[in-house]
Each structure stands twice: as C-alpha cells, then as structure tokens.
Amino acid sequence: MTRLLLHACCAPCSLEPVRLLMDEGFEPTICWTNPNIQPTEEHDRRLAELRRFCEATKLPLIEAHEDYTRWEHAVAPIGAQDRPRRCRACYALRLAEACRVARAEGFEHIATTLAVSPYQLFETCNEVLEKLAQAQGLIPVIRDFRPWYPEATRRSRELGMYRQNYCGCRFSAAEAVLDRARLRDERRAHKKARAS
C-alpha cells in the first residue's frame with residue numbers, strides 16, 4: 001500500500017474517494033483543513049461527522065491548521081461577484097495547508113475529495129492541487145470522482161451521515177439558496193406547462 005494524504009471537505013464526499021483510492025492500492029490518511037466553512041456550527045458539525053467516519057473506518061485523521069483570518073483577507077473580499085476566482089483562492093488556501101502537512105508528515109502522494117462533487121470547479125481545483133503539490137515535491141493524485149457522486153450520496157444517506165446543502169462559505173450558502181429557488185421555479189413552470 002502507498003501512503004496518501006487525502007484532503008477532505010466532508011465525510012459524505014470522502015466515501016467514494018477513499019474506497020476507490022484503496023482499490024488502487026493507496027492507504028489514505030484524511031486531512032481536514034477547511035477555514036472556509038461557515039458558520040462555526042456548520043464547520044463543527046461537518047468536522048464531527050468526519051471524525052465519526054474516520055473512527056468507524058479506522059482511517060487516520062489529521063486536523064491541520066485553519067487560518068480563518070487569512071481566508072477572510074484572501075478569499076472573502078472576492079465575494080459573490082467572481083465565483084471562479086473566489087473558489088480558486090479558497091482551493092489554494094486549503095490545499096496549500098494540506099500539501100504542507102503532507103510534506104511535514106512524510107507523504108509523497110496527495111489528493112482531495114473536492115473532486116467528487118459536481119458542484120465544484122473540477123479543472124480549477126485540480127490545477128491548483130497539481131501546482132501546489134509539485135512545488136512541495138509531492139505527487140498529486142488527480143482523479144475524476146464525479147461519476148461516483150450519486151453512489152456517495154446514496155451511501156451517506158444509508159449511513160445516516162449529516163449532508164450539507166452548500167459548499168461551505170457564506171457566499172456558496174447564498175448561491176445554493178438561489179439555485180434551489182431557481183430549480184423550484186423551473187419545476188413549477190414545467191408542471192404548469194404540462195398541465196395546460
């Protein structure tokens with residue numbers, strides 16, 4: 001087995017990456033560093049669920065440094081106006097810390113669970129991970145876990161895991177509310193059109 005540090009955004013998104021990476025011969029250690037998650041109660045709830053998952057599956061968990069002040073200064077000012085730029089800055093902050101931990105703890109390989117969600121900016125996330133990993137002398141393990149998102153959703157529900165409905169920051173929470181309202185309105189319009 002090859003040791004790998006797996007940056008995790010939450011427990012549900014960890015399910016399939018852990019399984020698939022283990023099938024490839026990797027031995028994952030989970031790394032939590034997500035200063036983007038707001039409010040504090042949400043952050044703590046996601047971390048508690050990840051701790052429970054790691055304990056149940058006997059996966060090692062490293063709770064890395066979370067620089068909330070840096071997130072507020074480097075990411076928050078971008079705000080809702082430029083999601084691609086905001087997410088790139090957020091990925092960079094979180095994955096830089098994960099890479100620092102990987103190097104300090106003697107890992108050669110690093111990956112992230114962000115690559116499972118179809119709501120993430122997949123190419124951007126992987127570009128950031130690849131650049132940061134190579135700068136630290138690490139091997140980025142880039143996988144497209146998105147096809148397994150429905151399976152991760154199903155399994156997490158079966159396991160009774162807490163499932164959040166937004167990425168983590170206050171901007172993504174507002175965007176998720178708007179997206180859900182838009183989808184609701186589209187369903188209503190479609191239903192009304194079919195009825196007439």
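Predicted model: local features only at pLDDT ≥ 70, side-chain atom pairs only at ≥ 80, totals over all residues.
Start with the packing. The largest nonpolar core has 45 residues, and those with the most contacts inside it are Leu 21, Ile 30, Leu 50, Phe 53 and Ile 110. At least two residues of this core come from each of strands S1 (2-7), S2 (26-32) and S4 (109-112), and likewise from each of helices H1 (15-23), H2 (40-57), H4 (83-104) and H5 (122-135). H4 gives the most, with seven residues.

Ile 30 makes a handy probe of the surroundings. Leaving aside residues up to four places away in sequence, Ile 30 touches Leu 6, Ala 8, Val 18, Leu 50, Cys 54, Leu 59, Pro 60, Leu 61 and Ile 62.

Now for H2 itself. The end C-alpha atoms of H2 are 26 Å apart, which agrees with the 26 Å that its 18 residues should span at 1.5 Å a residue. Its buried residues are Glu 42, His 43, Arg 46, Leu 47, Glu 49, Leu 50, Phe 53 and Cys 54. Viewed down the helix axis, these buried residues fall within an arc of 160 degrees, so they line one face of H2. The cover over them includes H1, S2, strand S3 (61-63) and helix H3 (68-74). On the face turned away from the buried side, H2 carries the exposed residues Thr 40, Glu 41, Glu 55 and Ala 56. Just after the helix, Lys 58 takes a positive phi of about 60 degrees.

Notes
Residues numbered from 1 in each chain as written. Heavy atoms only, no water. Core = buried A, V, L, I, M, F, W, Y, C linked by side-chain atoms within 4.5 Å. Buried < 20%, exposed > 50% of the residue type's maximum accessible area, 1.4 Å probe, protein only. Helix = DSSP H or I, 4+ residues; strand = E, 2+ residues; numbered from the N terminus. Contact = heavy atoms within 4.5 Å. Expected span 1.5 Å × (residues − 1). Arc of directions from axis to C-beta.
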